[in-house]
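Please keep the sequence and the structure in view while reading.

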Amino acid sequence: MTLRHERAERHTIQIRKGDNVKVIAGKDSGKSGRVLSINPKKNTVVVEHVGIIKRHTRPNPSKNIKGGIVEKEAAISVSNVLVICGNCGKHMRVGHTVLPDGTKVRSCRHCSATLDKG
Ligand SMILES: [Zn+2]
């Protein structure tokens, strides 16, 4: 095992695409939504309806782009969001449970429900 490997392990993002998360910091604090994408290199996530930025776009007929204001989710830091448990509805930092067969799964720290299915 190399040092580089250990470092990468420690900073693994515990949030997965499709998770429901709650924003706990920043201008959208208190909002919740579904994770649309994750950027592990930047430690950011894009959450549905969170961090909306308005982009003014010019029409570009050759690319079939209509002009106007486009609303788009901007990436926010993973440290600003917590996963919401689908079982008990509480938000938390993700815990881990090792199943009897040795598989490590993400789990809820409140009700011990498994967050990963399959
Ligand atoms: Zn729970």
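Two strands pair if DSSP finds at least two bridges between them; helices (H or I, at least four residues) and strands (E, at least two) are DSSP runs, numbered from the N terminus. In this sense strand β9 (residues 95–98) and β10 are paired antiparallel, with four bridges. Valine 98 has lysine 104 of β10 opposite it. The two strands β9 and β10 make a hairpin with five residues between them, and in its turn glycine 102 has a positive phi of about 95 degrees.

The model is predicted: local features need pLDDT of at least 70 and side-chain atom pairs count only at pLDDT 80 or more, while totals for chains, interfaces and linings use all residues. Residues are numbered from 1 along each chain as its sequence is written, and side-chain values use heavy atoms, with hydrogens and water left out.

The protein as a whole has one helix and ten strands, in the order α-β-β-β-β-β-β-β-β-β-β from the N terminus on. Of its 118 residues, 26% are buried, where buried means under 20% relative accessible area, exposed over 50% and partly exposed in between (1.4 Å probe, protein chains only).

Six strands form an open sheet in the order β6-β3-β2-β1-β7-β8, with antiparallel pairing. The edges are held by β6 (76–77) and β8 (91–92), each with a single partner strand, so one side of each has no neighbour in the sheet. The antiparallel strands β3 (residues 44–47) and β6 are joined by two bridges, and threonine 44 has serine 77 as its bridge partner in β6.

A salt bridge here is a side-chain nitrogen of Lys or Arg within 4 Å of a carboxyl oxygen of Asp or Glu; in assigning charge, Lys and Arg count as positive and Asp and Glu as negative, while His and the chain ends are not counted. The side chain of glutamate 73 does reach the backbone nitrogen of histidine 49, at 2.9 Å.

Salt bridges in the structure number seven. One of them joins arginine 34 to glutamate 48, with the closest N and O atoms 3.3 Å apart. This pair links distant parts of the chain, since arginine 34 is in strand β2 (residues 32–39) and glutamate 48 in the loop between β3 and β4 (52–57), 14 residues apart. Arginine 34 counts as partly exposed because its relative accessibility is 38%; glutamate 48, at 23%, is also partly exposed. Another salt bridge joins aspartate 28 to lysine 27, the closest N and O atoms being 3.7 Å apart. Here aspartate 28 is buried, at 9% relative accessible area, whereas lysine 27 is exposed, at 69%.

The account now returns to strand β10 (residues 104–107), where arginine 106 lies. With a relative accessibility of 2%, arginine 106 counts as buried, and its side chain reaches the backbone oxygen of glutamine 14 at 2.5 Å. Aspartate 116 forms a salt bridge with arginine 106, the closest N and O atoms lying 2.9 Å apart. Aspartate 116 lies in the segment after β10 and arginine 106 in β10, so the pair ties together parts ten residues apart in sequence. Both aspartate 116 and arginine 106 are buried. Through shared partners, salt bridges join Arg16, Asp19, Arg106 and Asp116 into one network.

Notes
A polar contact is a pair of N or O atoms within 3.5 Å; within protein, one must be able to donate a hydrogen and the other to accept it, and residues adjacent in sequence count only if both atoms are side-chain atoms.
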